[in-house]
Amino acid sequence: MLQGRYRRRSGSQRLSSSLTGAAARASAPARPDYHAPENSLNRSIAAAWLAQSGAPADADPPGDEARDRIDGTRLSSGSNFLRDAIVDALVARADAPAAFDITGEASVSVPKLVGFGAALADPNAANDRPGLPSAEAPAVVTSPEALPPPSELSDTSATITELTERAQIQARERELAELRHRLKELETRGRDAVTAATRQRDEHERALLQLRGEMEDRERQWEDTVAAMAASSAASHAQPPPDAERAAPPLAFLSLDQPRIAAEPPRSGRLRWIITGGLLLVVVLTALGFQQSRLNAKQAALTDKQAILLTQLSSSDRVRGDFVGSLRWAVAGARLAGDGAASPFAAARARAELTAAMWQAAWQTVLSGHEGWLYAASFSPDGKLVVTGSADGTMRLWDAATGTEVAELHADGKPVVAATFSPDGTKLATASADGMTRLWDVKAAALISAFRGGDGAVWSVAFSPDGTRLLTAGGDSAAHVWDIRDKTEIVTLKGHTQSIMSAAFGPDASRIVTASWDKTARVWDAATGRQIMVLNGHEARLSAAAFSPDGMRIVTAAWDHTARLWDAATGAPLTVLRGHENVVYSAQFSRDGARIVTGSEDRTARVWNALTGAPLAILRGHSDAVSAASFSPDGGRVVTASSDRTARIWTVAPPYTVLSGHTGNVMKAAFSHDGSRVVTASADHSVRLWDSGTARQIRSFVGHQDSVYSVAFSLDGHRIVTASDDHSARVWDVETGAELLNLQGHTAAVQAAAFSPDGRRIVTASADKTARIWDAQSGKQLMELRGHGDEVWGAAFSPDGNRVVTASRDTTAQVWDVQSGANLLILRGHAAPVSAAAFSPDGTQIVTGSGDKTLRLWDAATGKNLAVLRGHDGPILNVTFDPAGTRLISSSADTTARIWDIASRTPIAVLRDHQQYVWSAAFSRDGERAVTASSDQTARIWDISLLKRSPQKLLDDACQHRLTGLSQLTPDEAISAGYEPGDAPHSVCGAAR
């Protein structure tokens, strides 16, 4: 190819380029031999000679006759390339000045040409040839015609030709060898690179195919699990994100087979290999990167799906009341999302669910020390002590706060099957299977007396409300009432046909209820022993019966796996409590009558809503049957006794303080700015101020002539403003209780009132379809806001005080400019009256609550609906942001208040225990407490500080205190959670997988 490239050039081009290159190389630094100046010069002259003669470049060197034809005329011609080449070459070799004109028109100074061939062959012999001057003494040639004739050059032509051809051949051979070496080296490198890339491709392909197969198998299993859970979950708040695309098969690789290059490769061969190799590398890396990115996306989607599945499992258990199960799933979901692989939404859902599960999870304190089954456990009247009775023949007293043992009482080695405190807490009564009833002094931990409580085993013992009588029942199918002072029997209750397992006085001690193995419960006159009624309905033996604190209802427990509620006056059945999976051994009301706790052979205790029969909590943790369960006096704790030889104290309700004293519905409650006080407004026409720490009432504000619907503090805490059904709003001095202003002007009930942030203005909302703005110092009306089509139920200032948002029965909320009164926005979307509206702390969002049972978030600038929050079962009556703007609190006619996480759009706490509508709910300034107001004539202050804890602190708390010994997943649970059998965590509190 090199030869061909040269042949394509004309003879004159070959001559000119050869001589030009020769002249340049003559003065260049030393290079390989075939580039030596003398060889280059010889080669150039020979090439020029041959080109001038018209012979082919690869022809044999010219003979004498041919050389003789090159005459002086041709050398003297101005266009004679040979003359020019010889002159240039000789000048370059001899280092003589090149002062000549190649046209031959001017004089030139060059060395004498005679014998120049020998000089070229051996530069050191130049001066030995006759007629050849040295370089230091060049001859002067006055004209081209003075050059020697061609005959004088005949003796050197062969030498020139020979040297030229030899040099040319050597040069080409060396160039060819070098190119072949380079080509072989490049070919080797390319093949090595291709081999390595192919091997890497094959390895990645195998790994990707294996991983894809595993992920597809896991995805199919998770999809089946999600489908199953979707059918049963009662509280799924969001659907899992859509599946990611299935990973595409690896890209096909280009063929690398190339024909072997023979002869002389082009100089661009190396570049071609580099480009080809680079392109292949780019293709490989692109394919692998693309595949990896798809797999990463798929893995992230699967992680999201599993995290959301775990939150759904947690939410489902939480709705059922299984707080331990809920907490386990929530911890697993939070740990998975906490690895950083889940999306922000899934992570927010997992954090919110963990908070919700922790809020409702029950604390446990384990009381261990008995050597036999436990049959009895109950709190003292002040809630400070717990007594347990065991088959090991002992009773033990425990500190209810710490779980430490206080005293041990011995019953002559006879199993203690019942134990209860006297109403004043000074005595303890126990019953044994040997038929003996014993009285104990609690303070001295000593036996007072013992007597036989019947003709057989005594299974139940109870004090009368006044503590003067004792009720026993047992294996003789009768109940006995005893005078506690002289242990004489007052009356005997006979009628059951089998053993009586439980007997209890009514709250006024006039009636007694008994439960028997004859499948009936019976109500008796406590004074005469006359049977009043028989409660029939259970399908198996009864094990327990008790009156509600108000004496209006009776609860019974039976071996048919149910507990039942009855009307205590008529005996009519009211509600069946279903959920236990085995015998129900005990049932008892809380002191306020709002809840019932049951214990069962299925190893759980359960808490129920006493009005509706809805399950509120499942207390898991015992490893054997729960034989007894009862509430603490404040209703916030439950103690259980089990055949696993332990008792446990459970915290089953969030701590709160009750503000009681109003005689009508409490319509509104609010904290002062510093949180030290709470003010409440009531339908009893009064407003009351409370110490938020002690729940002590400080003073009342009296002056309204009708129900007071709203109350709010000024920012400085020195004033409050109230709104009333008497058509007025009033301003009061907090410290003195004096009325400062009476804002008159509305023509119907004033439903809401609030101060502006700077305290200079007041906004009121009225049933007269208007809102009004007032001067807070003078009481002068500044502006009337008209535009709603129905009653205005709520009004609030923006944080900067420049806007007001109003909520109306016309199903809209509206935003107004405070300076001009202009209507800025109308927020439409609710399907029922809007009861409340409020700005977020930064003023960028608005929240509204409606009778359609939803909350809505809006963009405060554009009015765009940002989110709809669902969860309440009744109309929403009030809603507001927390001071940080990350949570909401809403109150509802469903008797609850709920705290919502805005990021995940889910409730993280449900504030229960009010018995009627919750009209309002608000946060304290530090966000660690909430206050609620209800139609049950109370307000409650809730400790919600747990909701501010970080996810890591919640995890630590859950695993260290609430899931001790309970975090192990069974194989079935692991499969339900989407884990492969070999991939399931040993414990949700163990190391994250």
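Which two residues form a disulfide with their sulfur atoms 2.1 Å apart? Select Cys959 and Cys989, and you have the pair. Here a disulfide means two cysteine sulfur atoms within 2.5 Å, and by this rule the count comes to 1.

Before going on, a word on what is on your screen. This is a predicted model, in which local features need pLDDT of at least 70 and side-chain atom pairs count only at pLDDT 80 or more, while totals for chains, interfaces and linings use all residues. Residues are numbered from 1 along each chain as its sequence is written, and side-chain values use heavy atoms, with hydrogens and water left out.

**Stop 1: the disulfide**

Stay with Cys959 and Cys989 and check the torsion about their S-S bond: it is about -90°, so the disulfide is left-handed. Cys959 lies in helix α12 and Cys989 in the segment after α13 (971–976), so the pair ties together parts that are 30 residues apart in sequence. Helices (H or I, at least four residues) and strands (E, at least two) are DSSP runs, numbered from the N terminus. Cys959 is partly exposed at 21% relative accessibility, and Cys989 is partly exposed with 24%. Buried means under 20% relative accessible area, exposed over 50%, and partly exposed in between (1.4 Å probe, protein chains only).

**Stop 2: the largest nonpolar core**

Next, select Leu310, Leu327, Val331, Leu354, Ile899, Ile944 and Leu947, the residues with the most contacts inside the largest nonpolar core, which has 42 residues. Such a core is a set of buried Ala, Val, Leu, Ile, Met, Phe, Trp, Tyr and Cys residues joined through side-chain atoms within 4.5 Å. Among the elements that each supply at least two residues of this core are α9 (269–320), β52 (897–901) and α12 (951–962). Helix α10 gives the most, with 8 residues.

Zoom in on Leu947: leaving aside neighbours within four places in sequence, Leu947 is in contact (heavy atoms within 4.5 Å) with Thr355, Trp359, Arg887, Ile899, Ile908 and Ala909.

Now colour α10 (residues 323–337). Of its 15 residues, 14 are buried, so α10 is largely enclosed by the rest of the structure.

**Stop 3: Val386**

Move to strand β3 (residues 385–390) and pick Val386. Is Val386 buried or exposed? Val386 is buried, with a relative accessible area of 0%. Among its contacts beyond four places in sequence are Leu367, Trp398, Phe421 and Ile649.

**Stop 4: aromatic rings**

Show Tyr656 and Trp942. Their ring centres are 4.8 Å apart and the planes are at 50°, so the pair is tilted. Rings of Phe, Tyr and Trp (its six-membered ring) pair if their centres lie within 6.5 Å; planes under 30 degrees apart count as stacked, over 60 as edge-to-face and the rest as tilted. Tyr656 is partly exposed at 23%, whereas Trp942 is buried at 0%.

Finish at Arg541, which lies over the face of Trp517, at 3.9 Å from the ring centre. The charged end of Arg541 also sits over the ring of Trp559, 4.9 Å from its centre. The rule asks for NZ of Lys or CZ of Arg within 6 Å of the ring centre and within 35 degrees of the ring normal.
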